[in-house]
Amino acid sequence: RAHDAAAAQVEAARELEEKAEALRAEASAANAAVEEKARALQERRRGFEEERLAAAQERKGLIAERITVSRTAEATRSLQLQLVDQLAAAAEEGEEDEGAPG
């Protein structure tokens with residue numbers, strides 16, 4: 001009878017060991033899944049940050065272009081005003097030349 005009790009305890013211990021092994025395997029699989037999700041999240045975050053950086057660089061380029069266009073437009077206006085002044089001065093000189101005795 002003592003032998004049967006010992007055999008039953010050994011069997012119970014073996015079952016507990018099998019359950020523990022199954023739980024360790026489950027925990028390991030769950031841990032691997034969590035790590036994979038964390039890697040995927042990190043990858044998405046890196047992609048998002050790269051896109052954000054690219055957008056910021058593009059925005060910076062557009063701002064630089066806008067400044068260049070604005071400066072070019074201002075220079076063009078300035079030249080147009082100078083031309084108008086020169087044409088007006090030339091017209092005045094032409095009128096003076098026509099009116100002067102010759």
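This is a predicted model: local features need pLDDT of at least 70, side-chain atom pairs count only at pLDDT 80 or more; totals for chains, interfaces and linings use all residues.
**Entry 1: what a helix is here.** Before anything else I wrote down that a helix means a DSSP run of type H or I with at least four residues, and that helices are numbered from the N terminus.

**Entry 2: overall form.** I looked up the secondary structure and found that the protein comes to 1 helix and 0 strands. Helix 1 covers residues 2-99, and the whole protein has 102 residues. I then checked the box filled by the C-alpha atoms, which along the principal axes is roughly 150 × 10 × 5 Å. The radius of gyration is 44 Å, whereas a compact globule of 102 residues would have one near 13 Å.

**Entry 3: surface.** How much of the protein counts as buried? I found that 0% of the 102 residues do. The protein exposes about 9400 Å², and I noted that carbon and sulfur atoms supply 57% of this area.

**Entry 4: charges.** I looked up the charged side chains and found 15 positive and 23 negative ones, with the centres of the two sets lying 17 Å apart. Side chains of opposite charge can pair when their charged atoms come close. In this structure I found 7 salt bridges, and I followed several of them in the next entries.

**Entry 5: arginine 52 and glutamate 49.** These two residues form a salt bridge in which the closest N and O atoms are 3.8 Å apart. How are the two placed along the helix? They are 3 residues apart in helix 1, so about one helical turn separates them. Arginine 52 counts as exposed because its relative accessibility is 51%, and the cut-off for exposed is over 50%. Glutamate 49, at 36%, is partly exposed.

**Entry 6: arginine 77 and glutamate 74.** The side chains of this pair meet in a salt bridge with an N to O distance of 2.9 Å. I noted that arginine 77 and glutamate 74 are also 3 residues apart in helix 1, and therefore separated by about one helical turn. Arginine 77 is partly exposed at 43% relative accessibility, and glutamate 74 is partly exposed at 44%.

**Entry 7: a linked group.** Which residues are linked with Glu17 in a network of salt bridges? I found Glu21 and Arg24 there. Within this group, glutamate 17 forms a salt bridge with arginine 24, and their closest N and O atoms are 3.3 Å apart. Glutamate 17 counts as partly exposed at 48% relative accessibility, and arginine 24 counts as partly exposed at 44%.

Terms used: Residues are numbered from 1 along each chain as its sequence is written. Side-chain values use heavy atoms; hydrogens and water are left out. The radius of gyration is taken over C-alpha atoms; the globule rule is 2.2 Å times the number of residues to the power 0.38. Buried means under 20% relative accessible area, exposed over 50%, partly exposed in between (1.4 Å probe, protein chains only). Accessible areas come from the Shrake-Rupley method with a 1.4 Å probe; for residues, only the protein chains shown count as cover. Lys and Arg count as positive and Asp and Glu as negative; His and the chain ends are not counted. The place of a charge is taken as NZ of Lys, CZ of Arg, CG of Asp or CD of Glu. A salt bridge is a side-chain nitrogen of Lys or Arg within 4 Å of a carboxyl oxygen of Asp or Glu.
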